[in-house]
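The points are grouped by topic for a reader who has the coordinates at hand.

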Amino acid sequence: MITRKDLDEFILIEKQIQSLKKQIRYYEKKRQYAVHGSVIGSSKSFPFTERSFCVEGGGYTVGGMSEEKRMEKICGLSDKLKNQLSMYEDKKIQVQEFIVDIDDIEARLLFTYLFIDGMSQSQVGDVLGMEQSSVSKKLTRLLKKYIPKQ
């Protein structure tokens, strides 16, 4: 039997997954690299003779983080992401089984749009031809009807 807490966790896990993916993309883009090359200039004093200089420097880093630390961070975030994805799939199966067992078509659609498709109450209202406040009231009633009190 599914609980309100299960539904809330399902939504939160999905948001956590999005956040972890964003963090991983951030660290993957912030690679450390070295810059080197040569430039032509002149001496400081007269006679200004042409000279060639070698220049080297470090590239972009994340808050002074070494490449090794950056890779450890990405691996740690990737592990968390895998765990969250596994939890999400388990919860999704629970939520889908709960929704399939609902006899009322409108209730089934409402739960599907909100919990499976991730639509907002306003978007659900647009699809079902209702105001957002009506969707909210109906959701409250349906949750009380289909999910037992803890």
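Of the 150 residues of the protein chain, 27% count as buried. The model is a predicted one. The chain holds five helices and two strands, and its elements follow the order α-β-β-α-α-α-α from the N terminus on.

**Surface and contacts**

- The accessible surface of the protein chain amounts to about 10700 Å², and carbon and sulfur atoms account for 52% of that area.
- When contacts between residues at least 6 apart in sequence are considered, 59% of them join residues at least 24 apart.

**Helix H2**

- Helix H2 covers residues 67-100, a run of 34 residues.
- The first and last C-alpha atoms of H2 are 48 Å apart, close to the 50 Å expected at 1.5 Å a residue.
- The buried residues of H2 are Arg70, Ile74, Leu77, Leu81, Gln84, Tyr88, Lys91, Val95, Phe98 and Ile99.
- In an α-helix there are 3.6 residues a turn, so residues three or four places apart point the same way.
- The cover over the buried residues of H2 includes helix H1 (4-29), helix H3 (105-116) and helix H5 (132-146).

**Helix H3 and its ends**

- The twelve residues of H3 should span 16 Å at 1.5 Å a residue, and the 15 Å between its end C-alpha atoms agrees with this.
- Asp104 caps the N-terminal end of H3, with a side-chain oxygen 3.2 Å from the backbone nitrogen of Glu106.
- Just after H3, Gly118 adopts a positive phi of about 70°.
- Buried positions in H3 are Ala107, Leu110, Phe111, Tyr113, Leu114, Phe115 and Ile116.
- These buried residues of H3 pack against H1, H2, helix H4 (121-128) and H5.

**Nonpolar core**

- The largest nonpolar core has 31 residues, among which Val95, Phe98, Phe111 and Phe115 touch the most other members.
- H1, H2, H3 and H5 are the elements that give two or more residues to this core.
- Phe98 is in contact with Ile2, Phe111, Tyr146 and Ile147, leaving aside its neighbours within four places in sequence.

**Aromatic pairs**

- The structure contains five aromatic pairs.
- Phe10 and Tyr88 form a stacked pair, with 5.0 Å from centre to centre and 10° between the planes.
- Because Phe10 belongs to helix H1 and Tyr88 to helix H2, this pair ties together parts that are 78 residues apart in sequence.
- Phe10 counts as buried, at 0% relative accessibility, and Tyr88 is buried with a relative accessible area of 9%.
- The ring centres of Phe98 and Phe111 are 5.4 Å apart and the planes meet at 65°, so this pair is edge-to-face.
- Phe98 lies in helix H2 and Phe111 in helix H3, so their pair ties together parts that are 13 residues apart in sequence.
- Phe98 and Phe111 are both buried.
- Ring pairs join Phe98, Phe111, Phe115 and Tyr146 into a cluster.

Notes. Residues are numbered from 1 along each chain as its sequence is written. This is a predicted model: local features need pLDDT of at least 70, side-chain atom pairs count only at pLDDT 80 or more; totals for chains, interfaces and linings use all residues. Side-chain values use heavy atoms; hydrogens and water are left out. Helices (H or I, at least four residues) and strands (E, at least two) are DSSP runs, numbered from the N terminus. The expected span of a helix is 1.5 Å times one less than its number of residues. Buried means under 20% relative accessible area, exposed over 50%, partly exposed in between (1.4 Å probe, protein chains only). Contact means heavy atoms within 4.5 Å. A nonpolar core is a set of buried Ala, Val, Leu, Ile, Met, Phe, Trp, Tyr and Cys residues joined through side-chain atoms within 4.5 Å. Rings of Phe, Tyr and Trp (its six-membered ring) pair if their centres lie within 6.5 Å; planes under 30 degrees apart count as stacked, over 60 as edge-to-face and the rest as tilted. A polar contact is a pair of N or O atoms within 3.5 Å; within protein, one must be able to donate a hydrogen and the other to accept it, and residues adjacent in sequence count only if both atoms are side-chain atoms. Accessible areas come from the Shrake-Rupley method with a 1.4 Å probe; for residues, only the protein chains shown count as cover.
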